[in-house]
Amino acid sequence: MGERENIPFFAGMWKVGFLFLLLVFTFSFSVNGQYDTTAFLVNQDTLQVTITAFGQYRREQQVLPSQHILVGATLDRYNKTSFIQSLNTLPGVRMEERSPGSYRLNMRGSSLRSPFGVRNVKVYYNGLPLTDAGGNTYFNQLSFNNISSVEISKGPAGSMYGAGTGGLVLLNSLKQRQAGIDLEAIAGSFGLVSVLGTAKIIKDDKMQSIAGSFTTQDGYRNHTRMHRGNISYSGEWVKRKGYSLTGHILATDMYYQTPGGLTQAEFDENPRQSRPRVGSQPSAEEAKAAIFQQNLLAGIQNTWMLGRGWENETSLFGSYASIKNPAIRNYEQRSEPGWGLRSVFTNQHKGKNYLQQWISGAEAQWGHFHTTVYTNVQGEKGNKLTDDDLKFFTWNAFTQLSRQYGDRWEWSAGVSFFQNHVQIGRMFPQGAGGLKKDFTNDWAPRLSVLFRPKPQVQLSALVSRGFSPPTVGELLPSTGILNTALQPEYGWNYEAGIRLQTTNGRWSTGINLFRFDLQQTIVQRRDSTGADYFDNAGRTKQQGIEWTGNYLLTRPQSGLQVFSLKASYTYSHFRYEDFKQLNNDFSGNSLPSVPAHTWSVIADAKWKQGFFVQATFYAASAIWLNDANTARADAYQLVGIKAGYGKKIQVYAGVENLLDQTYSLGNDINAFGGRYFNVAAARNFYGGVSFKIR
């Protein structure tokens with residue numbers, strides 16, 4: 001496994017972490033001044049931000065420890081080509097990049113199912129499902145200026161958001177209600193050029209927002225060029241007492257090359273190379289392996305105040321994805337139109353000594369996809385191999401009752417029912433059969449309790465059940481062979497947590513213990529050509545610890561106005577309970593793709609004169625790459641620094657991977673022939689200038 005295989009994770013991590021913290025505290029506390037009692041907020045944009053998932057509308061310190069929000073400086077701290085580094089600051093969340101434009105999102109082990117894209121995590125954009133009827137989410141269609149906040153809820157969210165065992169992501173573009181124009185240009189290593197623009201108009205208390213961006217880069221590895229154009233619109237069309245109407249559009253056109261995984265020997269020889277020719281199989285360059293992708297999401301939302309504490313929010317939406325994928329083994333072309341609706345009724349009732357909320361609703365999605373696979377002739381379509389017509393209909397109904405007794409007790413109980421109908425008709429070759437299945441969920445409950453014996457102490461407990469049927473990419477993977485035997489995964493999730501904060505809100509911390517007993521776990525495999533397919537892996541036990549700590553110092557009248565420090569740690573003890581495959585018994589082995597330890601520290605400082613510094617440290621332990629636990633990727637530690645000056649006109653520069661670590665990110669799990677490794681970017685620099693017109 002190379003020279004660093006036997007170096008313990010913590011041995012390298014603590015040395016780098018100590019140096020990081022020493023530098024941060026040295027420059028941050030060089031100015032004396034008076035403290036104030038502002039809660040943990042890094043800038044004015046975060047003052048009104050609340051977590052909205054499950055109808056809570058609470059600050060982060062008032063919800064379950066498994067819920068988080070990214071906004072303001074915690075979201076805006078890198079070169080804005082992706083959300084990888086920002087999401088990785090959260091405990092229990094891990095975003096990966098196989099190459100520029102190809103992302104995976106792992107929430108408590110869910111990347112076991114995701115060779116590319118985002119699966120088993122339900123994602124919404126301004127209340128509209130970004131996850132399609134087939135269960136796939138094209139997270140790479142998002143540009144940085146499409147959103148202003150990211151909410152994360154880990155674990156099953158079926159009581160309000162349909163099937164899934166990984167978690168929930170809510171993206172919102174309308175949180176920051178400030179009219180004006182923002183323009184930004186960024187340039188950096190590996191041919192990076194990015195231009196972003198956002199315009200917001202507020203008239204008669206109705207906001208219209210339009211954002212556009214273009215990003216291009218040559219990539220940090222051979223055959224990893226990427227281009228992405230993006231435009232989004234969100235507007236409040238009608239806003240009056242008792243009724244509002246909002247519209248949203250998100251459109252993306254992108255292209256990125258796919259370099260393919262490397263063996264350990266190839267990775268050690270030259271980690272920047274793309275997959276070479278192997279026998280009769282062409283190299284990634286010879287095959288012109290790439291993704292041509294266009295996405296469109298559009299929808300409207302109506303909100304009515306119905307009287308007597310009742311409110312209804314109904315959304316109608318449509319989506320379309322067009323994918324062309326010349327790969328090493330074939331050329332796949334997909335057309336994926338979909339549409340749906342979501343309607344939620346909410347009732348607020350104030351009793352003698354409690355506040356009650358009742359939420360009930362339903363969501364339905366349709367998809368009529370078409371997938372054709374050809375031979376790949378140097379990046380062009382050759383002979384037709386398969387032609388499939390795919391129809392999906394998925395719906396879920398849910399209800400949730402919550403009560404709050406003063407500031408001490410809160411409980412919430414919800415339950416949902418989910419059904420997914422799948423029909424795949426093989427049009428070519430004739431007589432090749434098809435697939436027709438109904439995946440029906442038993443009732444999926446969710447019960448949470450919060451207790452605050454003191455204002456500074458919050459205790460919590462959560463029990464929930466998750467259910468996740470196979471996605472379209474798992475039933476019809478890139479092998480082109482229909483997977484008729486694949487079953488849904490399901491299981492029970494248990495959590496217990498505590499949050500603590502000082503009276504003035506300057507310090508806060510939270511720790512969460514979880515255990516997820518999953519049945520029929522779906523895992524990814526790859527054949528000799530690199531094509532993915534999927535199996536059910538019996539029982540798995542996923543348990544761990546997630547910790548966060550926050551600190552804020554604000555001194556408005558001093559030179560150093562704001563200093564914030566956030567840290568998080570995750571311990572993941574994920575094991576196969578009962579998994580036998582042919583003559584192999586993997587029971588007791590660690591689940592691949594999940595590091596046992598991750599650690600993140602971010603520090604921000606802002607001076608009155610307009611200077612600011614943002615520092616980031618992230619570390620991950622070694623990762624097993626196959627079910628047999630015979631191959632692994634080494635541990636690594638990352639340091640990033642960003643500094644700038646200005647307010648309305650801001651100039652900044654930054655460096656990522658300051659230590660120039662060579663590490664694999666977005667590993668191909670259970671790859672045939674040991675082709676696990678996809679190297680991440682080496683040390684790289686970027687700089688930018690932004691203009692804010694208010």
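**Note on side-chain pairings in the predicted model**

1. Setting aside residues up to four places away in sequence, R452 touches Q62, D407, R408, E410, V457 and Q458. The model is a predicted one, and R452 is placed in it within strand β22, which covers residues 444-454. Among the residues that R452 touches, E410 also makes a polar contact, side chain to side chain, with R452 at 2.9 Å.

2. Is R452 buried or exposed? Its relative accessible area is 11%, and because the cut-off for buried is under 20%, R452 counts as buried. As a point of reference for distance, R452 and I291 are separated by 161 residues in sequence and by 51 Å in space, taken from C-alpha to C-alpha.

3. Side chains of opposite charge can pair when their charged atoms come close. How many salt bridges does a search of the whole structure find? The search returns 27 salt bridges, and the next points take up some of them.

4. One of these salt bridges joins R108 to E546, with the closest N and O atoms 3.0 Å apart. R108 lies in the loop between β3 (102-107) and β4 (118-119), whereas E546 belongs to strand β28 (residues 539-554), so this pair ties together parts of the chain that are 438 residues apart in sequence. Both partners, R108 and E546, are buried.

5. E546 has a further partner in K154, as the side chains of K154 and E546 meet in a salt bridge at 3.0 Å, N to O. This pair also links distant parts of the chain, with K154 in strand β8 (residues 149-154) and E546 in strand β28, 392 residues apart. The relative accessibility of K154 is 3%, and K154 therefore counts as buried; E546 is likewise buried, with a relative accessible area of 3%.

6. A salt bridge is also found between the side chains of R426 and D388, at 2.7 Å from N to O. Here the partners come from strand β20 (residues 409-428), which holds R426, and strand β19 (residues 380-405), which holds D388, so the pair ties together parts 38 residues apart in sequence. R426 counts as buried at 14% relative accessibility, and D388 counts as buried at 0%.

7. Turning to the rings, the count of aromatic pairs comes to 26. One of the pairs is F579 with F586, whose ring centres are 5.4 Å apart and whose planes meet at 55 degrees, so the pair is classed as tilted. F579 and F586 are both buried. A separate point concerns F54, Y124 and Y161, which form one aromatic cluster.

Definitions and conventions. Residues numbered from 1 in each chain as written. Predicted model: local features only at pLDDT ≥ 70, side-chain atom pairs only at ≥ 80, totals over all residues. Heavy atoms only, no water. Salt bridge = Lys/Arg side-chain N within 4 Å of Asp/Glu carboxyl O. Helix = DSSP H or I, 4+ residues; strand = E, 2+ residues; numbered from the N terminus. Buried < 20%, exposed > 50% of the residue type's maximum accessible area, 1.4 Å probe, protein only. Phe/Tyr/Trp six-rings, centres within 6.5 Å; stacked < 30°, edge-to-face > 60°. Contact = heavy atoms within 4.5 Å. Polar contact = N/O pair within 3.5 Å; in protein donor to acceptor, adjacent residues only side chain to side chain.
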